[in-house]
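Try each task before reading its solution.

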Amino acid sequence: MRNGLLKDLLISCSLLFFPLLATAQYQRRIFVVDGRPGQATVAEIEGRPYVEIAGLAEITHGSLTFKVDRIVLSLPTPSTNAPAVEPAAEPSDTPVHSSGLSREFMRAGIEEIATMREWASTLAYAMENGNHITDEWAANYREQSARDLRLASAAASTEADRSALQLLTHEFEAVRDWSNKLVQERKSMDTAKYALSESALRDDPMSRKIVTCGHFLATMFGSGTFEDNPSCH
């Protein structure tokens, strides 16, 4: 019964991705699910809170599976004879499957994805609404994202972690270059096209690449298994 209620909670309040151009407010919040605390990105849309499902999967030690017409969040089955406990930390010399991501790296990677998503979505909202942006404004997001990327780099301990870090780094570089491009366009007063057309920014090739790679990375970190994707190169 308890596990069923938990599943209902996850299904009713979760989002897999936050669209790049959404006008939502994003925050990293402490989220407690069935007594398990962790950090997840929360978006407030029209007064209602939504939590990214990749973060919830990480908190609950669950896994995500993606089908053509559905997303499946699998939760670990609790023992009926003993209370759930945190698994013991593995020794540093314990062999790790070549495609598996370490837990610390997954946590750092999800944090970096959330930071980049906030950076990109806030910038897109500013451009579409004609808000003033400066180098200093963009630099604050860039420095925060660079810091989180360094933390992810420090947490990478397996071959799979290091391979995934390369994709995460490419996504950071793409968002950085896209941000620099938009700031320069704002300086040259060449941003009216974004305010006049709802699809102008969404259809921009750099924007589409960032969105596609971001979706893939969120899926990969949610599954805990390294995969490659050309959108992140």
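**Exercise 1. The span of a helix**

At 1.5 Å a residue, what should the 29 residues of α5 span, and how far apart are its end C-alpha atoms?

Solution. Keep in mind that this is a predicted model. The expected span is 1.5 Å times one less than the number of residues. For the 29 residues of α5 this gives 42 Å, and the end C-alpha atoms are 42 Å apart, which agrees. Just after α5, M189 takes a positive phi of about 60°.

**Exercise 2. A pair within one helix**

Find the salt bridge that R162 forms, and work out how its two residues are placed in the helix.

Solution. Start with the partner: R162 pairs with E159, and their closest N and O atoms are 3.6 Å apart. That lies inside the 4 Å limit for a salt bridge. Next, look at the spacing. The two residues are 3 apart in helix α5 (residues 159–187), so about one helical turn separates R162 from E159. An α-helix has 3.6 residues a turn, so residues three or four places apart point the same way.

**Exercise 3. A pair across the chain**

Which residue does D204 meet in a salt bridge, and is D204 buried or exposed?

Solution. The side chain of D204 meets that of K181, with 3.6 Å from N to O. This pair links distant parts of the chain, 23 residues apart: K181 sits in helix α5, and D204 in the loop between α6 (192–196) and α7 (205–223). D204 counts as buried, with a relative accessibility of 11%, whereas K181 is partly exposed at 27%. Now widen the view: a network of salt bridges links K181, E185 and D204.

**Exercise 4. Two helices side by side**

How do the axes of α5 and α7 cross, and which residues meet?

Solution. First, the geometry: the two axes come within 10 Å and cross at roughly 150°. Angles over 145 degrees count as roughly antiparallel, and α5 and α7 are therefore roughly antiparallel to each other. The crossing is left-handed. Then list the contacts. Residues of α5 that meet α7 include A164, L168, W178 and K181. On the α7 side, the residues include I210, L217 and F221.

Terms used. Residues are numbered from 1 along each chain as its sequence is written. This is a predicted model: local features need pLDDT of at least 70, side-chain atom pairs count only at pLDDT 80 or more; totals for chains, interfaces and linings use all residues. Side-chain values use heavy atoms; hydrogens and water are left out. Helices (H or I, at least four residues) and strands (E, at least two) are DSSP runs, numbered from the N terminus. Buried means under 20% relative accessible area, exposed over 50%, partly exposed in between (1.4 Å probe, protein chains only). Axes are lines fitted to C-alpha atoms, for helices over the stretch in contact, and angles run from 0 to 180 degrees between N-to-C directions. Angles under 35 degrees count as roughly parallel, over 145 as roughly antiparallel, 65 to 115 as roughly perpendicular and the rest as oblique. A crossing is left-handed if the near helix is turned anticlockwise from the far one by less than a right angle, and right-handed if clockwise. Contact means heavy atoms within 4.5 Å.
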